[in-house]
Amino acid sequence: AKVLILEKGPGPSGCTPVSSGTVWLPMNPLQTESDSVEKTVSYLIECGKGEVDEALVRVFAEHSKETAEWLLKTIGLQATQPNRYDYHPFYAGAVQGRNFSSKGLGAGLMNVLLSAAKARNVVIRTGVRARRLVVNDQGRVIGVMGEKPSETFKATRGVVLCTGGFSSNEAMKKSFLKMHPVYMQLPGLMGDGILMGIGAGANIEGMNKFVGAPL
């Protein structure tokens, strides 16, 4: 494939370059504990608290091993701190060794990926903020448009969105974020007074927010 990467920043940006470079890939070649697709699916479904698409989770699990081997063997990422415990070690399907960090942390991970892209003649355009997908009459995505009229890019085979999150977008955070926190579940705290107030016609506000310390 002929590949063009559109990058909003002046170079590799987003969370990854300033992160620990930690990668979570089940069935990677560094693992010492037995792992499987089914264990991975079970673990991710429990992590998702009933809000995950099991078919998509399974696709991830089925391709995790080959992705890890590509990352570590084909393009030569050097891993550090292998065989750590899963983030939720007591969930169903949790095993040791799925996550590892990258040598040089997030910047090191990005350098390896960038070198691999350049070695494969991938064209990288920086300073281009993609704003809209171009869709034809049949509903197929055929390109990307940026902020400037000159930034229109046609895709002959497809467009891959490798996009980050929205932690700097206040409106999106207000609209979309919710949590599944672990509360101090003390007996009797059932919201009875709040429900009585609602029953008497009181208005409510801020019901999707709380003040507390994450555990």
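In what sense do strand β6 and strand β7 pair, and over how many bridges? The model shown above is a predicted one. In this model, β6 covers residues 132–135 and β7 covers residues 141–145, and the two strands pair in the antiparallel sense over four bridges. Together β6 and β7 form a hairpin, with five residues between the strands. In the turn of this hairpin, Gly139 has a positive phi of about 85°.

Strands of a sheet pair through backbone hydrogen bonds, and the pairing can be parallel or antiparallel. Between β3 and β4, the antiparallel pairing runs over two bridges. In one example, Thr80 has Ser101 in β4 as its bridge partner.

Ser101 lies in strand β4. Is Ser101 buried or exposed? Its relative accessible area is 3%, and buried means under 20%, so Ser101 counts as buried. Its side chain makes a polar contact with the side chain of Thr22, at 3.1 Å. The side chain of Ser101 also makes a polar contact with the side chain of Gln81, at 3.4 Å. Apart from neighbours within four places in sequence, the residues in contact with Ser101 are Ser20, Gly21, Thr22, Gln78, Ala79, Thr80, Gln81 and Arg84.

Next come the helices. Helix α2 takes in residues 54–74, which makes 21 residues. From its first C-alpha to its last it reaches 29 Å, close to the 30 Å expected at 1.5 Å a residue. Where does α2 bend? The bend is at Ser64 and amounts to about 45°. Ser64 is also one of the buried residues of α2, along with Val57, Ala61, Ala68, Leu71 and Leu72. What covers the buried residues of α2 includes the strands β2 (23–24), β3 (79–80) and β4 (99–102), as well as the helices α1 (37–47) and α3 (105–119).

At the N-terminal end, Asp53 caps the helix: one of its side-chain oxygens lies 3.0 Å from the backbone nitrogen of Ala55. Just after α2, Gly76 takes a positive phi of about 80°.

Helix α3 has 15 residues. It reaches 21 Å from its first C-alpha to its last, close to the expected 21 Å at 1.5 Å a residue. Its buried residues are Gly106, Gly108, Leu109, Met110, Val112, Ala116 and Ala117. What covers them includes β2, α2 and β4. Just after α3, Asn121 takes a positive phi of about 60°.

The last topic is the aromatic rings. A pair of such rings is described by the distance of the centres and the angle of the planes. The model has three aromatic pairs. One of them is formed by Trp24 and Tyr43, with 5.8 Å from centre to centre and 25° between the planes, and this pair is stacked. It links distant parts of the chain, since Trp24 is in strand β2 and Tyr43 is in helix α1, 19 residues apart. Trp24 has 16% relative accessibility, so it counts as buried. Tyr43 is buried too, with a relative accessible area of 2%.

Trp24 also pairs with Phe60. Why does this second pair count as stacked? The ring centres of Trp24 and Phe60 are 6.0 Å apart and their planes are at 10°, and planes under 30 degrees apart count as stacked. This pair also links distant parts of the chain: Trp24 is in strand β2, Phe60 is in helix α2, and 36 residues separate them. Phe60 is partly exposed, with a relative accessible area of 33%. Which residues do the ring pairs link into a cluster? They are Trp24, Tyr43, Phe60 and Tyr91.

Key. Residues are numbered from 1 along each chain as its sequence is written. This is a predicted model: local features need pLDDT of at least 70, side-chain atom pairs count only at pLDDT 80 or more; totals for chains, interfaces and linings use all residues. Side-chain values use heavy atoms; hydrogens and water are left out. The expected span of a helix is 1.5 Å times one less than its number of residues. The bend at a residue is the angle between axes fitted to the seven residues ending there and the seven starting there. Buried means under 20% relative accessible area, exposed over 50%, partly exposed in between (1.4 Å probe, protein chains only). Contact means heavy atoms within 4.5 Å. A polar contact is a pair of N or O atoms within 3.5 Å; within protein, one must be able to donate a hydrogen and the other to accept it, and residues adjacent in sequence count only if both atoms are side-chain atoms. Two strands pair if DSSP finds at least two bridges between them. Rings of Phe, Tyr and Trp (its six-membered ring) pair if their centres lie within 6.5 Å; planes under 30 degrees apart count as stacked, over 60 as edge-to-face and the rest as tilted.
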